[in-house]
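Please examine the model below before reading on.

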Amino acid sequence: MRQVLVAGNWKMNGSRESIKGLLDGIKAGMGDVKAQVAVCAPYVYLADVQTQLAGSSIGYGAQDIATEDAGAYTGEVSGPMLNDFGGKYVIVGHSERRSLYGEADADTAKKFAAARRHGLTPILCVGESLEERQSGVTEDVVARQLDAVIALEGVAALANAVVAYEPVWAIGTGMTASPEQAQDVHAFIRGKIAALDAGVAEGLQILYGGSMKPDNAAELISQADIDGGLIGGASLVAEDFLGICRAGG
Ligand code: PGA
């Protein structure tokens, strides 16, 4: 039985002060949460997050990682640097990195490899744009994004990873995929991986992301192949985030 994981993606939001309040609020409400919970913070706040989550069951991590480990890469943050702050997770291939910063499938695969090389659990984001959905190529796009990682790292690498299906048209738009739409793609992802390694597919947590809120989370997470959520906007308000965590069982 896969455990539900609810991970917050704060994106480029918050301040030292607001993050303190947010984490205090989440910690205070964790008593009745059974899901695994994590937050992915901006790099500059990782030290604060580490301090504030010491001794708590809430996991944390970053939103991106450099492909390289050290050197002349101005502005980048590497796996060894992230390890200095003790987090478990790192998001790779978020659609905002892909679309706004030109991250190609091959770059995402290298970031996935970098995370694994340094003992971090990558949360690999995949998903189609509205145009791609309308032209009926959703599965092709998701398969291509997964294949780039599998080609570089092998399917067994997914045993220590999380996949997040995030239809680009649903991110930050309030337009959630219907539970059926999401389940179809999640089942496709699990089936594709099962064709290579049934055990890896069975154990893999596949999260849904894209306008997940407290009032739609339970129905999404109750789908057979949806094992939790990657939450943007609603992860910035403690009660909303906790509402989704509670919906996770
Ligand atoms: P959203 O973002 O919940 O604000 O739609 C999800 C994400 O981008 O991970």
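Is arginine 97 buried, partly exposed or exposed? Arginine 97 is partly exposed, with a relative accessible area of 27%; buried means under 20%, exposed over 50% and partly exposed in between (1.4 Å probe, protein chains only). The model is predicted: local features need pLDDT of at least 70, side-chain atom pairs count only at pLDDT 80 or more, and totals for chains, interfaces and linings use all residues. Residues are numbered from 1 along each chain as its sequence is written, and side-chain values use heavy atoms, without hydrogens and water.

**Arginine 97**
- Helix 4 (residues 95–100) contains arginine 97; helices (H or I, at least four residues) and strands (E, at least two) are DSSP runs numbered from the N terminus.

**Strand 4**
- Strand 4 (residues 89–92) is covered on both faces, with Tyr89 and Ile91 buried on one side and Val90 and Val92 buried on the other.
- Strand 3 (residues 59–62) runs parallel to strand 4 and is joined to it by two bridges; pairing requires at least two DSSP bridges.
- Valine 90 in strand 4 has alanine 62 opposite.
- Strand 5 (residues 121–126) is also parallel to strand 4, through four bridges, and isoleucine 123 in strand 5 is the bridge partner of isoleucine 91.

- Aspartate 140 lies in helix 7 and is exposed, with a relative accessible area of 52%.
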